[in-house]
Amino acid sequence: MKAIRTLTLAATTSLAAMLSAGAVSAVEIEYWQYIFDARITAMDKLIANFEAANPGITVKQSTFPYADYRTKVAAAIPAGEGPDVVQLFYGWLNDYVQAELIQPLPEATFPAARIEAEFFPMVQAMKIDGKYMALPTAVRSLALFYNTKLFAEAGVTAPPATLAEMVEIAQKITKKDGAGNITVEGITSGMTAQDHQWFREVLLRQFGAVPYTDDYRTVTYNTPEGVAALEFYTSLEQTLGVTSSTFMDEPQAAFKAGRAGMHIDGSFRIGALKDTRGLEWGVAELPAGPDGTQSNYASYWVNAITTKAQGEKYDAAVKFMDYITSDEAMQIWLDTVGELPAKPSAALTEANIADPVFGPFIKGLGYGHATIFADESGQRQVLVDAVSRIFLQGQSAADSLAAAAAAEQALLDSYYAK
Amino acid sequence: MKFYRNLSISQKQVVWAWGFLALPVLFYVVIRFYPTADAIVLSFQKWNMLGIRQWAGFDNYIKLYNDPVFWKVFRNTFVYLILGTPASLVISFAIAYHLDKVRFLHSTLRALYFLPFLTSTVAMAWVWRWFYQPVPIGLFNNFIASLGFQQIAFLNSTTNALPSILLPAIWAGLGFQIIIFMAGLRAIPTSFYEAARIDGVSNWTILREITLPLLKPTIVFLVVFSSISFLRIFDQVFNMTTNNPGGPLDSTKPLVLMIYQTAFSSFDMGYAAAQTVVLFSILLIVSLLQLYLMRDR
């Protein structure tokens with residue numbers, strides 16, 4: 001009995017000590033992101049550096065599975081719980097702003113003019129009514145991965161600089177069995193992977209079409225130039241036979257297995273390819289269009305201060321935001337996660353540009369466009385279906401593109417009608 | 001306390017009965033009925049999971065009625081049901097009927113038939129998805145190509161994809177149905193069969209006049225159970241078509257997958273709730289209809 005009483009007393013005392021320690025210790029802010037191992041490691045490093053530089057502020061990182069993330073954020077912040085600084089996909093910004101979950105960044109620390117001077121231009125999508133709502137630490141862009149072994153076998157010495165060269169190389173690399181089934185693809189394809197981004201922001205522009213109006217609320221690609229871009233894309237499979245969208249289930253799987261000569265994908269693919277034994281690959285910038293136009297698609301995750309952060313927590317959150325958007329933080333993010341710095345000053349260092357893997361991605365940022373999606377998976381589906389109609393139902397590219405434009409416009413209209 | 005003491009015996013029994021029922025009732029109200037009611041309310045609102053819910057009247061239902069994808073999905077859902085339920089019942093009955101007569105390795109065979117039911121649907125769907133791939137990784141197409149025939153587009157086809165997805169779904173559910181059928185067969189008194197044999201009746205007549213009528217409760221249960229599971233099919237379709245969910249061109253998309261996409265990739269919760277209410281009504285009507293048609297007269 002006595003032992004139990006002593007134990008209880010000890011427990012109570014230590015609990016009280018813990019509580020009072022919490023009360024006197026400095027301000028603690030909370031940071032939320034979804035579970036992605038490399039990003040959690042990178043954020044841990046950033047938090048350690050930030051806490052060392054700012055004694056008196058502690059940052060607690062909480063992570064959630066991607067599937068629950070949005071619900072948790074939405075439930076926590078209005079209840080006065082949850083994060084002071086939150087990570088979100090750039091395409092969700094409108095939803096978060098309308099729901100009053102995040103507040104504008106203070107003009108004093110983050111003047112709009114400075115952001116526009118320092119960050120890559122696509123970050124301007126984060127400005128609403130003249131105020132910046134969120135900023136990225138890192139951005140992602142597309143590039144052309146190529147299999148150096150298959151290139152050497154086919155006697156190709158350099159990656160393609162233009163679409164015409166790309167087609168030519170793809171034809172050299174493609175191998176077929178006796179029945180005409182592809183066994184090695186010249187280039188991977190699949191609107192379900194990154195091709196819809198490549199088509200939307202790169203091919204359309206290279207063939208002289210403009211995908212959307214500047215606010216991305218009106219579809220403008222249903223033009224003869226747009227049809228030409230779609231015809232080019234579908235010809236790779238239909239007439240040139242250098243690719244098959246169903247080959248090996250997924251484009252990235254075909255490339256990883258060494259059965260595809262070229263593959264267009266995002267910088268986030270680097271990690272998966274690095275660990276693949278027996279695969280020898282290089283990276284090049286996306287091929288330029290018929291008239292030499294270069295374009296790219298860039299996307300990013302941003303950090304924002306939530307409406308929950310007030311008073312001293314707000315001040316701490318501002319300091320934290322300032323640190324995680326600094327050049328130093330961006331370099332740590334690049335080294336840990338492989339995602340590219342969001343500022344030219346951090347991205348375009350000599351070492352980064354000369355990097356054989358990161359270099360082409362970073363150069364792509366200079367001419368990259370960030371599509372402002374209303375519903376990314378819905379808008380992707382529109383292009384997936386456009387190609388399916390051509391391949392499976394024999395529809396003409398012109399009819400299919402017209403139907404796609406109408407379907408996508410309907411999606412945009414219903415989203416912005418709110 | 002005095003109030004309780006004044007109650008009659010039967011009233012006290014009622015109090016106790018409700019006392020014991022309170023916990024499950026509370027559980028059902030909080031976990032089942034409240035969310036169901038809330039989903040019905042939500043179907044008349046607009047909500048993206050982040051902001052406040054706004055009243056939208058019948059907008060979601062009107063949008064649903066005018067959505068061509070919904071009607072396609074509606075049709076697909078019933079194709080899954082109309083092909084899946086009879087096929088799975090006939091196959092599982094045939095297997096159970098013959099397995100019941102087998103003595104050699106009976107338990108092993110039964111276990112083998114039951115095994116797919118124990119396997120994770122996701123794992124199974126992915127294995128079948130790879131079976132269906134074109135050359136050089138698809139098992140079926142490699143075999144077909146090695147015989148010198150043209151490859152078959154199992155999944156990348158608006159006509160073949162739905163049956164291709166349905167097949168493993170039927171196969172996975174067989175084990176359970178076989179076990180239930182066998183339990184039903186065992187429950188039929190052997191004296192009926194003995195009497196029939198003495199009368200010299202053929203096997204076919206025994207099956208038609210004794211086995212099937214006496215299996216009716218089992219059949220009713222399995223028809224309702226498998227209809228509900230085919231109307232709610234999701235895992236197989238989603239995992240076999242993750243890159244183009246319900247594709248190509250929505251040809252394999254069931255209602256549950258449409259609900260999932262509307263809710264968790266378009267974040268249009270009100271519209272998703274309206275679809276859920278429709279699914280709920282369909283399930284209710286189909287179940288009641290089947291119970292009515294197969295009732296004991």
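## Basis

The model is predicted: local features need pLDDT of at least 70, side-chain atom pairs count only at pLDDT 80 or more, and totals for chains, interfaces and linings use all residues. Residues are numbered from 1 along each chain as its sequence is written, while chains are lettered from A and ligands numbered from 1 in the order in which they are written.

## Chain B

Chain B has 14 helices and two strands. These are DSSP runs: H or I of at least four residues for helices, E of at least two for strands. Its C-alpha atoms fill a box of roughly 75 × 60 × 30 Å along the principal axes.

Of its 297 residues, 31% are buried (20 or more other C-beta atoms within 10 Å of the residue's own, placed from the backbone).

## Where A meets B

In chain A, 26 residues are in contact with 21 residues of chain B (C-beta atoms, placed from the backbone, within 7 Å). Helices H3 (66-76), H4 (93-98) and H17 (376-393) of chain A each supply at least two residues of chain A's side. H17(A) gives the largest share, seven residues.

## A helix pair in chain A

Helix H2 (residues 37-53) and helix H13 (residues 327-337) of chain A pack at about 145°, with axes 9 Å apart. Axes are lines fitted to C-alpha atoms over the stretch in contact, and angles run from 0 to 180 degrees between N-to-C directions. H2(A) contributes Ala38(A), Arg39(A), Thr41(A), Ala42(A), Lys45(A) and Leu46(A). H13(A) contributes Ala329(A), Ile332(A), Trp333(A), Thr336(A) and Val337(A).

Notes:
Two residues are in contact if their C-beta atoms, placed from the backbone, lie within 7 Å. A residue is buried if 20 or more other C-beta atoms lie within 10 Å of its own, exposed if 12 or fewer, and partly exposed in between; C-beta atoms are placed from the backbone.
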